[in-house]
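Here is a short tour of two chains and how they meet. Have a look at the structure first, and then we can walk through it together.

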Amino acid sequence: MSQIVDQIRHVCSLGGLQTALAISRTVPILHAGPGCGQKLWGAIGLDNGCQGSGYVGGHSVPCTNAGEKEVIFGGEEKLRTTIENAFKILDVDFFVVLTGCTSDIVGDDVGEIVREFQNEGKPIVYAETGGFKGTNFYGHELVIEAIIDQYLKPAKKKEKGLVNIWSVVPFQDPFWVETYKEISKLLNEIGLTPNIIFGPNNGIEALDRVTAAEFNLLLSPWVGLKNVKHLEEKFGTPYLHYPVLPIGPTETGKFLREIAVFAGVENEKVESVIRKHEDEYYYYIERSADVLLETRLLPRRFVTIADSIYTLAISKFLTNDLGLLPETQFIVDGVLDEYKDQIEKEFKNYTDGITADVVFSNDGGYVQDEIRKIKFRGRPLILGSAWEKVLAEEINGYQISIAMPVSDRLILNKTYAGYDGALRLVEDVYSLVLNDFQ
Amino acid sequence: MAINLNDPAVQLRELRLKTLTGYNGDAQDLLKRSKEGNIDNHERSFTQYGSCSADQVMNLLLQLQDAVVVEHGPAGCSGDIPFRNANFRLGNKLLGLKVHNVKYINTNLDEKDTIYGGSAKLEKAVREAFRRFKPKAIFVTTTCTSAIIGDDVGSICDELEDELKIPVVATVCEGFRTNIWATGFDAANHSILRKIVKPPRKKQPDLINVISFTHRYHYESIFEQIGLRPNYIVPFSSIEQLEHISEAAATVQYCETLGSYLAAGLEEYYGVPEVKAPAPFGIAASDNYLREIGRMFDKEKEVEKVIKSENEKIAPKLEELRKELTGKTAFIGAGGPLAYSIRSILKDLGMDVVGSCIWHHDQRFDNDDSRLDVLKFEVEQHGNFKVGVCNKQSFEVVNALNKFRPDIFISRHMATVWSAKLGIPSLLSLVEPSEMLYDGLIRYGELILDTITNPAFINNIAKHSKLPYTNWWLEQDTYSFLGGKCNG
């Protein structure tokens with residue numbers, strides 16, 4: 001039985017609508033009640049780093065606004081006219097029909113309706129994302145599955161060095177745009193050709209290139225694994241599963257070396273890229289070392305309360321690079337049981353034999369109660385969401401929002417990934433500390 | 001119309017108030033046909049998402065200081081909670097109260113629950129809510145999923161109320177139940193009337209219930225001058241405060257749509273009269289409203305003094321504002337009757353309202369008194385104007401704005417960005433009632449003036465962004481998809 005949720009840190013599978021919106025000039029069409037869209041966009045968009053409507057998001061998303069009539073008599077006809085009219089009214093390249101709870105319980109045959117339009121050659125797919133099916137991490141995967149199953153075609157020929165990047169969940173992670181760009185930039189530097197589906201300007205052209213890729217890169221502990229496996233089954237594209245989003249030189253160096261081996265990139269090339277970035281990174285770290293070390297203000301111990309991508313990524317950086325000590329790490333994205341063991345293992349191999357306990361729970365109230373039990377040495381650093389502000393006050397900790405809901409920050413082109421990203425994280429954490437008393 | 005407190009489910013707004021979500025015409029036509037009873041509501045053959053009643057319930061019940069809301073549904077329904085929490089914290093801060101988080105639990109219904117039912121989970125959640133938050137009341141709200149699978153929320157609440165010895169109030173508000181999301185306000189108010197408000201211990205003759213969202217700027221100095229005490233409800237109230245709202249001598253509103261049901265219920269059940277005057281936006285409505293209060297409280301002389309001094313106080317600034325704003329055009333996108341109130345202010349500032357997109361139009365209110373008819377009052381003061389009821393559909397709003405091209409678009413609830421993309425300065429009219437009464441008029445005028453004085457941000461956005469609509473759509477009639485009609 002799924003746990004009750006106190007302090008929401010994710011939404012439901014229909015939240016995949018934002019994944020559709022993350023593809024440029026793509027619009028989701030909801031076959032759902034009137035309230036779903038606004039709530040989901042609010043939670044993982046507007047109130048999460050201030051991610052607004054953009055081109056065709058927010059209230060411009062079509063929705064059948066299923067009412068009592070549709071629940072009792074079915075909503076298929078309403079869906080059909082909504083889709084037909086969406087083609088006339090909206091200037092977009094791709095449509096993704098998603099269902100909500102009402103349609104999925106009532107049993108509307110959405111597939112049949114969408115297939116009518118697919119047979120006319122319209123660029124449209126559908127997924128059954130009724131909210132009770134799971135979290136929006138699951139919904140994100142469902143949207144990609146739908147695109148793989150119903151839209152992608154085999155490539156005429158594979159392009160050497162072309163790699164598709166599958167990583168953070170757009171909108172749920174408010175740093176998604178620049179994170180994808182940063183990974184892309186690094187891969188470019190080592191001579192690969194990255195293909196990103198999510199973000200401004202990529203859109204349907206990027207989708208059309210997916211099957212031409214030499215391989216798929218999955219940069220995430222578990223979200224997206226089923227998608228890359230499916231791409232391998234259906235199109236024969238191999239994948240590299242690197243479970244840690246690289247933040248900072250230790251992890252980013254490790255990542256670049258591993259992908260270089262996988263992709264057959266020359267060792268010298270990779271090492272020179274790494275060296276260049278490490279020189280730059282360490283210039284700044286060296287320069288700030290006096291302050292970080294001597295004022296003894298930098299908190300020694302930390303907890304993260306985030307999805308599996310960020311708890312892993314951030315804790316690795318803070319431990320392996322900055323030398324902080326990890327207390328319990330809390331993973332709140334509703335990880336499926338089958339992935340829990342391998343994720344937990346990752347938290348047992350920090351540098352110098354350091355390990356951390358992991359608690360999987362999406363019940364924020366419970367997580368905070370557990371944190372209250374920890375006897376911290378010194379003021380702890382709490383990397384979580386805006387829900388943690390109250391807790392931080394209580395236990396005299398430093399709090400920074402890095403996971404949904406990041407309702408207290410405006411995030412534009414910021415990322416914590418890679419080398420520059422890590423420096424941003426150090427700046428944000430330490431400025432927070434300085435701001436506390438000045 | 002009688003308020004029925006026996007049924008746990010509030011009667012739908014479309015039935016009680018004959019609320020419209022689609023109409024195209026003008027104010028006089030709307031008033032005439034409403035009176036004759038010959039307007040039907042229309043469906044649309046294309047819609048974008050709006051909001052649901054479950055969301056609007058949170059606007060009230062989740063903003064109480066010491067109550068918990070247990071939402072019986074899948075995790076996605078809790079999507080509005082971070083926003084509600086930020087609102088709650090901000091509101092508390094602005095009112096000088098303790099800043100803390102909302103108290104909310106979602107039962108996180110999953111696929112298994114849709115087959116076997118979610119009752120066990122709900123009971124567990126309510127008991128857990130009681131243990132974690134130690135609230136004075138628990139409101140249990142329904143969602144599309146919980147309603148379709150048929151969990152008997154009412155009975156569960158009754159049993160738990162006996163067990164926990166605090167009100168455990170079933171609030172029936174699943175999204176698909178109504179086309180009018182404002183029914184959510186009614187559902188929340190219905191719960192409060194049904195289970196929270198107690199008979200008066202002793203009437204408090206100088207206490208006025210003030211129904212609004214965030215209360216700041218609200219009547220403070222005016223009420224003081226008349227010798228009355230405002231009792232701000234429902235957001236930021238405590239359960240104890242709500243228990244005694246029956247003791248007030250009158251109720252006033254920020255917006256009839258918000259509190260119509262609560263005010264009528266208090267009048268019918270506890271003899272607390274609603275002040276029968278439109279909310280005080282603009283000079284005429286403010287004068288009229290204060291006179292009505294003066295009459296009810298036997299403070300006619302004091303009120304005349306206040307009216308005179310307040311009007312004199314704002315006169316010089318009003319003159320300045322009128323110099324700058326006379327002849328400027330505005331388009332309003334807001335819910336009725338607030339949209340009509342906003343028109344009052346704009347007319348006082350010398351502006352013309354060239355058109356409007358109303359989110360919904362209530363043809364009557366729960367207190368069926370024509371003195372409460374804001375639209376009627378506004379037309380009497382300032383004449384006829386174009387009214388379209390667009391149910392918050394952005395494609396209709398953008399189409400209309402593109403045709404009217406006003407100097408400013410005044411909107412509520414997330415529509416300003418579309419106006420910006422058209423290069424039209426836009427202003428979000430907040431829930432904070434900073435535009436009421438006399439100094440409110442000046443504040444609002446200054447806000448409008450500042451908004452149109454530097455359009456650099458807007459112009460740059462318009463230059464660099466594109467609307468997601470086809471040229472074909474922008475050329476069509478705004479209400480082409482209303483009533484099942486559809487061109488092309």
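How many residues of chain A are in contact with chain B?

## Where the chains meet

In chain A, 62 residues are in contact with 58 residues of chain B; contact here asks that C-beta atoms, placed from the backbone, lie within 7 Å. The elements that give two or more residues to this side of chain A are α2 (36-46), α3 (68-73), α4 (76-89) and α5 (101-106). Helices (H or I, at least four residues) and strands (E, at least two) are DSSP runs, numbered from the N terminus. The largest share, seven residues, comes from α2(A).

By class, the side of chain A that touches chain B has 30 nonpolar, 25 polar and seven charged residues. Nonpolar covers Ala, Val, Leu, Ile, Met, Phe, Trp, Tyr, Cys and Pro, charged covers Asp, Glu, Lys and Arg, and the others, Gly among them, are polar.

## A sheet in chain B

Chain B has an open sheet of three strands in the order β7-β6-β8, with parallel pairing; strands pair if DSSP finds at least two bridges between them. Because β7 (229-233) and β8 (250-253) of chain B are at the edges with a single partner strand each, one side of each has no neighbour in the sheet. From one strand to the next, the twist averages 30°.

Strand β6 (residues 207-211) of chain B is joined to β7(B) by five bridges, and B:N209 has B:N231 in β7(B) as its bridge partner.

## A helix on the sheet

Helix α12 (residues 256-270) of chain B packs on the sheet and touches β6 and β8 of chain B. The direction of α12(B) makes about 170° with that of β8(B); axes are lines fitted to C-alpha atoms, for helices over the stretch in contact, and angles run from 0 to 180 degrees between N-to-C directions.

## About the model

This is a predicted model, in which local features need pLDDT of at least 70, side-chain atom pairs count only at pLDDT 80 or more, and totals for chains, interfaces and linings use all residues. Residues are numbered from 1 along each chain as its sequence is written, while chains are lettered from A and ligands numbered from 1 in the order in which they are written.

Notes. Contact = placed C-beta atoms within 7 Å.
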